[in-house]
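Below is a brisk report on one protein model. It covers confidence, strands, charged pairs and a few single residues.

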Amino acid sequence: MRRFLSLFTVLMLCGVLAFAQSRVVSGKVIDKDGNAVPFATIKVKGFKTGLSADATGAYTIKVKEGDVLEISGAGFKPIEVTVGSALVLNSSLDRNTDLKE
């Protein structure tokens with residue numbers, strides 16, 4: 001019985017650690033002048049997971065540490081940001097001057 005309880009405890013701890021890997025990160029997408037980039041697209045590189053920021057450029061996404069976020073907006077150059085330990089990830093986009101008509 002003691003061996004069973006020890007094994008059960010170890011398995012429960014492993015399960016908790018596995019689910020503790022992902023967390024919610026929030027942030028705001030702005031341009032170089034500090035203005036919000038409304039409805040910017042935020043995607044997790046290599047996955048189909050993604051979302052759009054709101055009208056103020058704010059977003060919240062569930063990611064793992066080490067994931068790479070691809071952030072883009074209409075008329076802006078896309079950037080890639082690696083998720084670290086921070087819970088807030090604000091990003092600044094440059095205007096795309098290479099637009100061709």
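## Charged pairs

D31 counts as buried because its relative accessibility is 5%. This is a predicted model. The side chain of D31 meets that of R95 in a salt bridge, at 3.9 Å from N to O. The two residues sit in distant parts of the chain: D31 belongs to strand β1, R95 to the segment after β7, and 64 residues separate them. R95 is exposed, with a relative accessible area of 53%.

The structure holds 3 salt bridges. A second one joins the side chains of D94 and K32, at 3.6 Å from N to O. D94 lies in the segment after β7 and K32 in the loop between β1 and β2, so this pair ties together parts 62 residues apart in sequence. D94 is partly exposed, at a relative accessible area of 35%. K32 counts as exposed, at 57% relative accessibility.

The remaining pair is E80 with K45, whose closest N and O atoms are 3.1 Å apart. It too links distant parts of the chain: E80 is in strand β6 (residues 79–82), K45 is in the loop between β2 and β3, and they are 35 residues apart. K45 is partly exposed, with a relative accessible area of 39%.

| Salt bridge | N to O distance |
|---|---|
| D31 and R95 | 3.9 Å |
| D94 and K32 | 3.6 Å |
| E80 and K45 | 3.1 Å |

Leaving aside neighbours within four places in sequence, its contacts include I61, K62, V63 and E65. V83, G84, S85, A86 and L87 are also among the contacts of R23.

## Overall layout and confidence

The protein chain has 1 helix and 7 strands. Along the sequence they follow the pattern α-β-β-β-β-β-β-β. Of its 101 residues, 24% count as buried. Consider contacts between residues at least 6 apart in sequence: 48% of them join residues at least 24 apart.

Mean pLDDT for the chain is 86, and 88% of residues reach 70 or more. Confidence is lowest in helix α1 (residues 2–19), with a mean of 68. It is highest in strand β2 (residues 41–44), at 96. Where pLDDT is low, predicted coordinates should not be read in detail.

## The sheet around β1

Three strands make an open sheet in the order β4-β1-β7, with mixed pairing. β4 (58–64) and β7 (91–93) stand at the edges with a single partner strand each, so one side of each has no neighbour in the sheet. Direction ignored, neighbouring strands of this sheet are turned by 35° against each other on average.

β1 and β4 run antiparallel and are joined by 7 bridges. S22 stands opposite K64 in β4. V24 is also placed in strand β1. The C-alpha atoms of V24 and V63 are separated by 6.3 Å, though the residues are 39 apart along the chain. V24 counts as partly exposed because its relative accessibility is 49%. Not counting residues up to four places away in sequence, V24 touches T60, I61, K62 and L87.

## β2 and its partners

How many bridges join β2 to strand β3? There are 3, and the two strands run antiparallel. β3 spans residues 50–52. Together β2 and β3 form a hairpin with 5 residues between them. G46, in the turn, has a positive phi of about 90°.

β2 also pairs with strand β5 (residues 68–72), in the antiparallel sense, over 4 bridges. I42 connects to both partners: its bridge partner in β3 is L51, and it stands opposite I71 in β5. The covered face of β2 carries I42 and V44. Its uncovered face carries T41 and K43.

Most residues other than glycine have a negative phi. F39 has a positive phi of about 60°, although it is not a glycine. F39 is placed in the loop between β1 and β2. F39 counts as exposed because its relative accessibility is 55%.

Key
Residues are numbered from 1 along each chain as its sequence is written. This is a predicted model: local features need pLDDT of at least 70, side-chain atom pairs count only at pLDDT 80 or more; totals for chains, interfaces and linings use all residues. Side-chain values use heavy atoms; hydrogens and water are left out. pLDDT is the predictor's confidence in each residue, from 0 to 100. Contact means heavy atoms within 4.5 Å. Buried means under 20% relative accessible area, exposed over 50%, partly exposed in between (1.4 Å probe, protein chains only). Two strands pair if DSSP finds at least two bridges between them. Axes are lines fitted to C-alpha atoms, for helices over the stretch in contact, and angles run from 0 to 180 degrees between N-to-C directions. A salt bridge is a side-chain nitrogen of Lys or Arg within 4 Å of a carboxyl oxygen of Asp or Glu.
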